[in-house]
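Please look through the sequence and the structure shown below before reading on. The report then takes up a few parts in turn.

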Amino acid sequence: MRIALFVTCLNDALFPQAGIATVTVLERLGHTVEFPAAQTCCGQMHANTGYAAPARELERGVEAVFAGHDAIVSPSGSCVAHLRTHTGLPVYELSELLVDVLGSIDVGASFPHRVTYHPTCHGLRVLRLRDRPLRLLAAVRRLELVDLPESEQCCGFGGTFALKNAKVSGAMLADKCANAVATGADYLAAADSSCLMHIGGGLARRPGAPRPIHYAEILAATPGSGPVP
Amino acid sequence: MSRQLPIVARTPFPRAAGPQLADAQLRGNLRRATRTIRDKRAAVVAEVPDWELLRDRAAAVKDDVLDRLPQLLAQFEAAATAAGAVVHHAADAARANAVVADLVRAQGVDQVVKVKSMATQEIGLNEALAAVGVTAIETDLAELIVQLAEDTPSHILVPAIHYNRSQIREIFARRMPGFAADSDEPAVLAAAARVYLRRTFLAARVAVCGANFAVAETGSLVIVESEGNGRMCLTLPDTLIAVVGVEKLLPRFADLGDFLRLLPRSSTGERMNPYTSIFTGVTPGDGPQRLHIVLLDNGRTTVAADPVGRAALRCIRCSACLNVCPVYERVGGHAYGSVYPGPIGAILSPQLTGQDAGANRTLPYASTLCGACYDVCPVKINIPEILVHLRQAGKPPAAERAAMGLLAWTMRDRRRWRAALRAARAGGRPLRALTRRGGGRLRRAPWPLSAWTAHRDAPLPAAESFRDWWSRTHGR
């Protein structure tokens, strides 16, 4: 199948490994991935902060870039949620594409670590990803999945909320980190680099805490794929 | 001189949240209480197989009410008047307070008993009555606690949620006439309140209430409460004055069925409400012989004219959104500076007052847009959508506007975006060397990013952007 990748601006600039992992998994399954190079940003941050006009321009830009593609994949729950509610594009979060469209639960990954999963708010309550990412993770060889307490609570990121209401965001983050530490996991996985940027920034200050990882990176890992950053 | 309404925040939300976050006792009380109610609600909602259908139907009924507000108000007034009630119209809080004050003084009393009511909280009725020498006594136990403490409510349903029982015992010991108990057992505290309130009920000649629903078809008012104290107020005094927001209307009596299933499960986590009082006009020889209904607008007609924001008027004040809100759970109700706190307050207060009132403009930003509120709302108010809608009318600082504008300009064009990525990478390179020990993360950044690094490390631009990786590995 030919699949177009919307990598998202955040992954492009700060977390390319999430995009690379998405490409790696899909190519390993025998699919052709295209990367329309004119893509930039879906406009989510502008829209959510109240800047409707620039957001609309960015949304139209994505629509123009991806016009004619039958399947668009993105490793970001919140960007997919934004595009789904603001454009007519056939865009899938990676787990939706793998489970619903491609029917690939076992993607041939191996990851010998203890992992806990944080279901991000947009994945949970807008896209209703439900157990799709967990089913994919459960099929990964040598991976031990452990429950995250109070997993459905927001981590406190909220885009510009993290700056405008920094103290409240910090308090929510502290609780999320404490729950993550309590799992004793090596990694905290999620389907959204923006939440991971926030949670990971908090975990980095807590000794012995799990490391943040996009779950696509776990799905991309194989016995020979080398160390995960 | 006009007083500020109790739905106008005096302090910007981020600043008001600070002391609340630092109060460990408050955080503990809120955490315990919201989790208990949240779990109870989830359990009883899961029992109802047609819950989603009920939500859809209730939302549609409320939208119909907003579409036909003038017509239904006229129908309600005609039916209530025919049944013996006197209907008054109040465009704003000042008018409503004046109407109630005049009605109370006409009865020659200096004390009234009150049923828990958000509408009277919204207009600051107690303070307005006090200004003309009338004491209003709250008879809902939690409202009584707040009133005795000379505090303000911090939750719509559980106004004293920020207190635990030992704090309540202290308040009673300081402020309740005749209180002598030295225990903080809930039964002991409730018994003390019962003795105090019983004396008050028996002496009361005028009561003030709100209404959960007002039925246009029959002119009936419906009051839903848990303690029975409301029913005392509704039946013992000769004169009853109801202050009712115009959005409380339901077209038909039969509409009540769905709402009386939705409300208790959403609010207290009960299958059925303990005391539901439905009364229509005056019945000679039974209950109040004078019934006055003050229909309150106070900004509602303006809100109803906003195609996105109007859904906030569907609200039936159940508080489910407060109990699931991660922001409310950490800061409590007082940080919102309004008797309507939490997610619903963040969309209701600024709409009712206009966003220029006090610091109400900061309320729509008091959310991560996590969506937990929308999921539990029994009338399906898309709170995140309305929060964003209100942010669109915001007045952000010039520096933020400039930064967002520059970012959007950069992102509208792939060449500008690619150049920005390369510039960021070049700028990040020396930082990356400096922070190697920290795993390429920034521990401290200058303003405005210091707000970020106060609580978490910041990432640095990747050594190779995704698009450069793609060009290198997939390019021609």
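Which backbone nitrogen does a side-chain oxygen of Asn382(B) reach at the start of H18(B)? That oxygen comes to within 3.1 Å of the backbone nitrogen of Glu385(B).

## About the model

This is a predicted model, in which local features need pLDDT of at least 70 and side-chain atom pairs count only at pLDDT 80 or more, while totals for chains, interfaces and linings use all residues. Residues are numbered from 1 along each chain as its sequence is written, chains are lettered from A in the order in which they are written, and side-chain values use heavy atoms, with hydrogens and water left out.

## Helix H18 of chain B

Helix H18 of chain B, residues 383-392, is largely enclosed by the rest of the structure, because 7 of its 10 residues are buried (under 20% relative accessible area, with a 1.4 Å probe and protein chains only). Helices here are DSSP runs of H or I with at least four residues, numbered from the N terminus. Among the buried residues of H18(B) are Ile386(B), Leu387(B) and Arg391(B), and the buried residues pack against H14, H16 and H17 of chain B as well as H3 of chain A.

## Gln44 of chain A

Helix H3 of chain A contains Gln44(A), which counts as buried because its relative accessibility is 13%. Leaving aside residues up to four places away in sequence, Gln44(A) touches Ser78(A), Cys79(A), His82(A) and His122(A), where contact means heavy atoms within 4.5 Å.

Key:
Buried < 20%, exposed > 50% of the residue type's maximum accessible area, 1.4 Å probe, protein only. Helix = DSSP H or I, 4+ residues; strand = E, 2+ residues; numbered from the N terminus. Polar contact = N/O pair within 3.5 Å; in protein donor to acceptor, adjacent residues only side chain to side chain.
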